[in-house]
Amino acid sequence: MKKRLSTMLLTVLSLTTLALTTSACSKDTAPEKPATSSVKKTKPSFNYDKKIAAEFVEATSNDQATFIVDGKKVPVKFIGIYSPSLTQDQPLSKEANQKVNELLKNADDIQLQFDKSYGHQIKDGAYSAYVWLGNELLQTKMLASGLAILSGHTLTNSKLAQSLETASTQAKKSNAGAWAFDGYVDGATFNVTAYQAYQKNQELINAAEQAIKNAEANPTRDTLNQANAAYEAIPVDKRPSAHQKRIAQVNTAVETKEAQERQAQEAARKAEEERKKAEEAARLEQQRLAEQQAAQQQQNQQMVWIAPQSGRRYHFDPTCRGLRRANSTVQMTLQEAQAQGYTHCGYE
Ligand SMILES: [Zn+2]
């Protein structure tokens, strides 16, 4: 009830303002004559600290909306700020539009305030005003979100101009909204080319990030080369230093792994060599034993002569002088002779 009363009061005040505005307007557009200038002198100067109640109708762009003031629909530009253009479909224009609508639709106490630099009359088809949402400005809220930037226009109200500056500086510092896209905010305008370049670089950075993650999870020469190629696709001045460090780590891991693999291969080669050597030695030993056995066999089968009644010697040669005095000789195998305790003749 109290609120309604105050709104009514404001409306009455605003009506007075509008009446003043209208009369001032007709005077301003009229050619300057000495007669009218004398009337101007008697007119009280406009109070730029005054706030005028307004009702939100619709946002016609991201920088302008229609309000009802004193029962009349009036177009109002948001003084001091500039948002991405919705008609040009500039990046973040949809977000800015959503924010403007949300702020204005949810505000239950909207007031307009003029700035002397822009005047209190319609210029270029619209009023220019600070838009109060309760005790905060729509302008500072938009600037703080980074969905609007300072328009670069000079404002007379230094206190409000300062609060706009502060909101903008904060947004820039925290990379909010448009500030997140390196180069998109270009002075008092938006640079779509810079935004696109930023997005392209971002895609390249993301691709490199993915390739590096892959190489970290599976460090091989191939994945390392892929990570390197993805990293080098990023323009030199946009390459994240963290990427370089991570690639260097993967490189170390790959080199360590390759060195270990080489050592393992060398060890396997040596082991195989040893195995072949041992196999050859075993084969030779077996051959030697077989030959020895064959020789032994042959030797055992060899026939010798013994003289059973004279001596305990065996002789390979039946004409050996050790047998000259023997009465009789017997032929037997060397094995048999040895088994019977015969030993080799000393003359042979
Ligand atoms: Zn003999």
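**Reading strand pairs and a helix pair**

Tutor: Gladly! Keep in mind that this is a predicted model. Strands of a sheet pair through backbone hydrogen bonds, either parallel or antiparallel. Here, strand β1 (residues 52-59) is paired with strand β5 (residues 110-113) in the antiparallel sense, over three bridges.

Student: Which residue of β5 does I52 stand opposite?

Tutor: I52 faces L112 in β5. On to the next pair: β5 also runs antiparallel to strand β6 (residues 127-133), joined by four bridges. There, L112 stands opposite V131 in β6.

Student: What is the order of the strands in the open sheet of four?

Tutor: The order is β13-β11-β12-β14, and the pairing is mixed. β13 (330-333) and β14 (343-344) are at the edges with a single partner strand each, so one side of each has no neighbour in the sheet. The partner of β13 is strand β11 (residues 303-306): they pair in the antiparallel sense over four bridges, with W305 opposite Q331 in β13.

Student: Now the helices. At what angle do α7 and α8 pack?

Tutor: Two packed helices are described by the angle between their axes and the distance between the axes. Helix α7 (residues 221-232) packs on helix α8 (residues 241-301) at about 160°, with the axes 10 Å apart. An angle over 145 degrees counts as roughly antiparallel, so α7 is roughly antiparallel to α8. The crossing of α7 past α8 is left-handed.

Student: Which residues make the contact?

Tutor: From α7 they are R221, L224, A227, N228 and Y231, and from α8 they are H243, I247, V250, N251 and V254. By class, this contact of α7 with α8 has six nonpolar, three polar and one charged residues.

Terms used: Residues numbered from 1 in each chain as written. Predicted model: local features only at pLDDT ≥ 70, side-chain atom pairs only at ≥ 80, totals over all residues. Axes fitted to C-alpha atoms, helices over the stretch in contact; angles between N-to-C directions. Helix = DSSP H or I, 4+ residues; strand = E, 2+ residues; numbered from the N terminus. Parallel < 35°, antiparallel > 145°, perpendicular 65-115°, else oblique. Left-handed = near helix turned anticlockwise from the far one by under 90°. Contact = placed C-beta atoms within 7 Å. Nonpolar A, V, L, I, M, F, W, Y, C, P; charged D, E, K, R; others polar. Pairing = 2+ DSSP bridges.
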